[in-house]
Amino acid sequence: MAGEKSTYYVSVQAGSVAANEGDAAFEFEIEATEEEIGELQRLFGDLDKADNRAFFRAHVPFLEYWHDEPNDATGRHLTEVYRLLHRLGTPETKRHIDSMGVLDGNLEREPQDKPADPAR
């Protein structure tokens with residue numbers, strides 16, 4: 001049935017979602033529909049792409065760290081992942097994410113695109 005929630009086990013570190021608790025190591029338990037899992041998997045893909053760009057940028061020594069858009073993008077995507085996990089999470093998952101401080105109390109705020117740096 002569409003829209004029916006099921007339990008999933010999520011590893012942010014591995015970028016994985018498992019339907020069975022014993023399938024893989026996990027950090028968070030969530031209740032989500034298939035559509036919400038699709039959204040989470042899309043976010044994991046976006047995070048992976050941003051992380052790869054940040055990896056390659058890190059090997060360019062003459063670029064100052066404060067002009068590091070790939071690293072900033074990784075942070076924004078990671079925040080989106082945690083925001084979705086918080087929304088879908090069990091009470092224990094929500095408490096754990098709250099204790100991490102990664103959302104800074106901005107659970108409902110939509111991600112904002114960072115304005116372009118005119119000095120670049």
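1. In this note, helices (H or I, at least four residues) and strands (E, at least two) are DSSP runs, numbered from the N terminus. By that rule, the protein chain contains three helices and three strands. Read from the N terminus on, its elements follow the order β-β-β-α-α-α.

2. The model is a predicted one: local features need pLDDT of at least 70, side-chain atom pairs count only at pLDDT 80 or more, and totals for chains, interfaces and linings use all residues. Residues are numbered from 1 along each chain as its sequence is written, and side-chain values use heavy atoms, with hydrogens and water left out.

3. The three strands form an open sheet in the order β2-β1-β3, with antiparallel pairing; two strands pair if DSSP finds at least two bridges between them. The edge strands are β2 (16-18) and β3 (28-32), each of which pairs on one side only. From one strand to the next, the twist averages 35°, where axes are lines fitted to C-alpha atoms and angles run from 0 to 180 degrees between N-to-C directions.

4. Thr33 lies in the loop between β3 and α1. Is Thr33 buried or exposed? Thr33 counts as buried because its relative accessibility is 8%, and buried means under 20% relative accessible area, exposed over 50%, and partly exposed in between (1.4 Å probe, protein chains only). Leaving aside residues up to four places away in sequence, Thr33 touches Gly3, Glu4 and Lys5; contact means heavy atoms within 4.5 Å.

5. Arg42 belongs to helix α1 (residues 34-57). With 44% relative accessibility, Arg42 is therefore classed as partly exposed. Arg42 and Val81 are 39 residues apart in sequence, and their C-alpha atoms are 9.7 Å apart in space.

6. Some totals concern the whole protein chain. Of its 120 residues, 31% count as buried. Among contacts in the protein chain with a separation of 6 or more, 54% involve residues 24 or more positions apart. The accessible surface of the protein chain comes to about 8000 Å², and 51% of this surface belongs to carbon and sulfur atoms. Accessible areas come from the Shrake-Rupley method with a 1.4 Å probe; for residues, only the protein chains shown count as cover.
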